[in-house]
Amino acid sequence: MDIITEWSFIAALVFSIFCTFVFTYTSQRLNRPSKAYNLPPSPPKLPIIGNLHQLLGKPRHEALWQLSKQYGPLMQIQIGSKQMLVISSPPMAKQVLKTQDHIFCNRQPFQATKQLSYNFVDVVFSPHDAHWKEMRKLLVSELMGPKRAKVLHRVLVTEIENVIHSLSPNTAVNMNDMFLDIVKQMMCKVAFGNNYREQPLKGPSWDVMLDETIDLLNGSVSDSFPLLGFFIDRLSGWNRTLNERFRNLDAYIDAIIDDHLKENVEEISEEDKDFVHTLLEMSSKENASGFRLNHADLKALVMNIFIAGIDTTALVMLWAMSEIIKNPRVMKKLQSEIRNYTGRIQKVEEMNTTKMTYLKMVVKETLRLHTPAPLLIPHESLSHTQIDGYDILPNTPVIINAWGIARDPSTWGENAAKFYPERFENVGGDFGPDGFEMLPFGGGRRSCLAMNSAPTNVEFVIANLLYWFDWEPASGTKCEDMNMEDFGTIVLGKKVPLCLVPTKHKWKN
Ligand code: HEM
């Protein structure tokens, strides 16, 4: 940078700090509870940053949960110029995700989500509009439909067989890598038809690319401080990082689509068509409601599978196995259910988990105690409304603290922090008596599309691992001493990898 450009840059920065002050101060004053509005309770704020300082030093879901203990389950916080609503109880979650779902079904736009969604034409991040409805319908019918579910099960069976044959007795296995590999293979094969996990491109590895993309969802400074953030994001390199990571992912998606375009879709049998084949076919004609998929739509859907479907599923498998090993009582009871139910089988495909009630409870308890996306994906209000007598203004971002709700002793009892699958024996409904006591898949119109299929896949993988093998922690760690710390904001990972030693199960005659 020459001296003149440098000075212009500094002058612009100083000017923007001044503007930020004026802008934030003015918008804070404008957002102040006016006589006309009865806004939800809010912790005391500092000028410009609002409540940001109260969220530092701890994971965001924990900090928000602590604040909600003081300010209530319907709380308003301010980060920079943004006022946000924070939901922290089942009745309030029900208001947002059911009673007033039609108002709270929008998504908040962020810098990273704009780019990752090809300018908001996807399902996960786009606003609630006619285009989103068509795209979601398409994902439900073509990716989650029964035809694809059958293929997915077949792929899963093959993958588990490979895993079982590859495990060497008494050799430690990194379960983090193993679960991620299983899920990647399953999703890639079903959606993209090929083993794209083998990294067909130059650039970062598959796993790094996935981690880096999810990390972008933490947002940028300009998402909360538009004027000053503009400069900070440039100076800190955030914008460059976003562009680089997006370019890597975009090139990966291009490679998948280019490979498919080389094939003649008409010559491929219905059986052999993958999700991308189907999307390419659909992009050549309008559907019954006049919607036609364009190239950006197609890429946005592939991106959604990559972002939403892989890490989440692999993490549930990882946390389930970690809790099972840490709790030998649960492992014993679960293995005896799986082995008694299944009897002696020779092949993975003979495993049928549909009636394994304890297994289902174990997976549910995992989803409760280790809510994979602790704050879901922020919703946004479309128009002015009221909850519990409080006014909620249009375009208010809504954070739902699914992590706190699922661990609240006032709902789940004194042992809420304990892994205790039996609690579901007495709980009516899948996720609590009212259905809002835990929200691992969110709710309402923006709920996860894999709400039914994902737990079934987790159950199948866990059942097989526990049927064919007995497991213990590697390097002599005692089960009860296993480290269960988590980390992350968007998804909750396990701080210390889970390393286990398998021993092939010997049946007594
Ligand atoms: C156990 C695994 C999974 C968990 C825990 C999970 C969790 C979630 C959560 C919390 C949301 C946000 C819901 C809300 O905002 O209210 C979501 C949305 C979504 N999930 Fe999943 N998910 C999982 C697997 C998958 C899979 C395998 C797919 C398939 C591609 C998928 C596709 C989506 C999509 C497309 C959305 C956005 C829905 C919309 O905004 O309309 N998820 N998921």
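**Close-up views of the predicted model**

**View 1. Helices around the ligand.** At least two residues of the shell around the ligand come from each of α5 (130-142), α13 (295-309) and α14 (311-326). The model shown here and in the other views is predicted. With four residues, α13 gives the most to this shell.

**View 2. Residues of the ligand shell.** The ligand is surrounded by 26 residues. Gly309, Thr312, Gly442, Cys448 and Ala450 are the closest of them. Sorted by class, the shell around the ligand holds 16 nonpolar residues, eight polar residues and two charged residues.

**View 3. Segments annotated as transmembrane region.** Residues 6-25 and 301-321 carry the feature "transmembrane region" in UniProt, where the entry is unreviewed. In the predicted model, the span 301-321 is 95% helix and 0% strand. Its end C-alpha atoms are 30 Å apart.

**View 4. Crossing of α15 and α19.** Helix α15 covers residues 328-342 and helix α19 covers residues 453-468. Two packed helices are described by the angle between their axes and the distance between the axes. For α15 and α19, the axes come within 9 Å and cross at roughly 90°. The two helices, α15 and α19, are therefore roughly perpendicular to each other.

**View 5. Residues in the contact of α15 with α19.** On the α15 side, the contact involves Leu334, Gln335, Ile338, Arg339 and Thr342. These meet Ala463, Leu466 and Tyr467 in α19. Five residues of the contact of α15 with α19 are nonpolar, two are polar and one is charged.

Note on methods: Residues numbered from 1 in each chain as written. Predicted model: local features only at pLDDT ≥ 70, side-chain atom pairs only at ≥ 80, totals over all residues. Near = placed C-beta within 6 Å. Nonpolar A, V, L, I, M, F, W, Y, C, P; charged D, E, K, R; others polar. UniProt positions renumbered as here; feature names shortened; annotations may be inferred. Axes fitted to C-alpha atoms, helices over the stretch in contact; angles between N-to-C directions. Parallel < 35°, antiparallel > 145°, perpendicular 65-115°, else oblique. Contact = placed C-beta atoms within 7 Å.
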